[in-house]
Amino acid sequence: MKRLVPSFAAALLLSTAALAQDAKPLTVKVGSVAPEGTPWSEWLDGVKARLEKDSGGKVKLKLFLGGKLGGEKEMAEETRNGNLAMFGGSAGALATYVPELAGIELPYLFSSDAEADFVLDKIRPQVTKLLADKGFTMIMWGENGWHGYGIKGKCVEKPDDLKGLKMRAQESYVHIETYKAFGAAPVEMSTPEVLGALQTGTVDGYSNSPLLSQATSWYKGISHYTYTKHIYQPGIIVMSKKVFDAQPKELQDIMLKRDDERAGIQGVRLLTNPLLDNFKAAQKTVCTLSTEQLKAWQDKARPVWDIYAKKSASNKALLDAMIAAKKEFAAGKK
């Protein structure tokens, strides 16, 4: 395949050096873990063209791909502090600073792309406020996709198949508690370490989307990929509120436009089946779950929802809002 998408994320970093009120254009550094030639990088090219055109040349974007500007957690922190101006990545990465966002990645929270889109649009105002309270300005949703399990030696058709396995975990307690619910032993590990850990046996497998599995070459360290779809992981693009608030309203309005949002999301989704075919072509066994098998996973995962909701009233409020939106979506389908 010529084009791949970064799993979990893209990071957009804005240079604060260009904030002075003079004739110089604002230079926007755009960083991403995505390599060149991916649908995400093509999407960013489109965003770049639009912003530069709409601003009449007052904003200039400079793209840095392949993780050159750091990892998700570090960039989120720098963006929150105002040292970096824009970040795009997983909700889980931002949950370090906005704990409520961990709930968006609860296991088996969503059942379809359409439901996820509906719910995320409904909670957008709530998420925007949560982010603003912690120093971020919401720009738009992105896409990483549905997670599956990549491991060595077998498909994981039932939760017990994960029992005792050392599994790479994202730095999110929701991901860690999900592993524990299925009997696995989570090992927190940053993205660049994972492929080597798979190859040396430090970990037995990982949870992530087909697109991240391919973009990071993690699939090369496994023999089986089970598309459990246990977590839906949207991308999210935010800007440092300190940097955003320092801009004239004209540029703020341009930055807040989300004309490009659907293009970025659809670009990822169109790749899912071709990516799974790529795994098969690379001699990896790809497995899916039957309806009966799926229920066993859902039942085991449900206590993770309770762990999340009991941590704070604001967690419960966001979960309640998502459940209400799910019910509204279901009612609209009838």
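A search of the whole structure finds 19 salt bridges, a salt bridge being a side-chain nitrogen of Lys or Arg within 4 Å of a carboxyl oxygen of Asp or Glu. The structure is a predicted model, in which local features need pLDDT of at least 70 and side-chain atom pairs count only at pLDDT 80 or more, while totals for chains, interfaces and linings use all residues. Residues are numbered from 1 along each chain as its sequence is written, and side-chain values use heavy atoms, with hydrogens and water left out.

| Pair | N to O distance |
|---|---|
| Glu52 and Lys48 | 2.9 Å |
| Lys58 and Glu250 | 3.1 Å |
| Lys129 and Asp133 | 3.0 Å |

Glu52 and Lys48 both belong to helix 1 (residues 39-54), where they are four residues apart, about one turn of the helix. Helices (H or I, at least four residues) and strands (E, at least two) are DSSP runs, numbered from the N terminus. Glu52 is buried at 18% relative accessibility, whereas Lys48 is partly exposed at 24%. Here buried means under 20% relative accessible area, exposed over 50%, and partly exposed in between (1.4 Å probe, protein chains only).

The side chains of Lys58 and Glu250 also meet in a salt bridge. Lys58 sits in the loop between helix 1 and strand 3, and Glu250 in helix 10 (residues 249-256), so this pair ties together parts that are 192 residues apart in sequence. Lys58 is partly exposed, with a relative accessible area of 42%, and Glu250 is partly exposed with a relative accessible area of 42%.

Lys129 and Asp133 are four residues apart in helix 5 (residues 124-133), a separation of about one helical turn. Lys129 is exposed, and so is Asp133. Elsewhere, salt bridges that share partners join Asp113, Asp117, Glu143, Arg262 and Arg269 into one network.

The count of aromatic pairs comes to ten. Rings of Phe, Tyr and Trp (its six-membered ring) pair if their centres lie within 6.5 Å; planes under 30 degrees apart count as stacked, over 60 as edge-to-face and the rest as tilted. Phe118 and Phe329 have ring centres 5.6 Å apart and planes at 50°, so the pair is tilted. Phe118 is partly exposed at a relative accessible area of 26%, while Phe329 counts as buried at 14%.

For Phe182 and Trp297, the ring centres are 4.8 Å apart and the planes stand at 80°, so this pair is edge-to-face. Phe182 is in the loop between helix 6 and strand 8 (185-188) and Trp297 is in helix 13, 115 residues apart. Phe182 is buried, and so is Trp297. Tyr149, Tyr179, Phe182 and Trp297 form one aromatic cluster.

Helix 6 (residues 173-181) and helix 13 (residues 291-309) pack at an angle of about 145°, with their axes 9 Å apart. Axes are lines fitted to C-alpha atoms, for helices over the stretch in contact, and angles run from 0 to 180 degrees between N-to-C directions. The contact (heavy atoms within 4.5 Å) is made by Tyr173, Val174, Glu177, Thr178 and Ala181 of helix 6 and Lys300, Val304, Ile307 and Tyr308 of helix 13.
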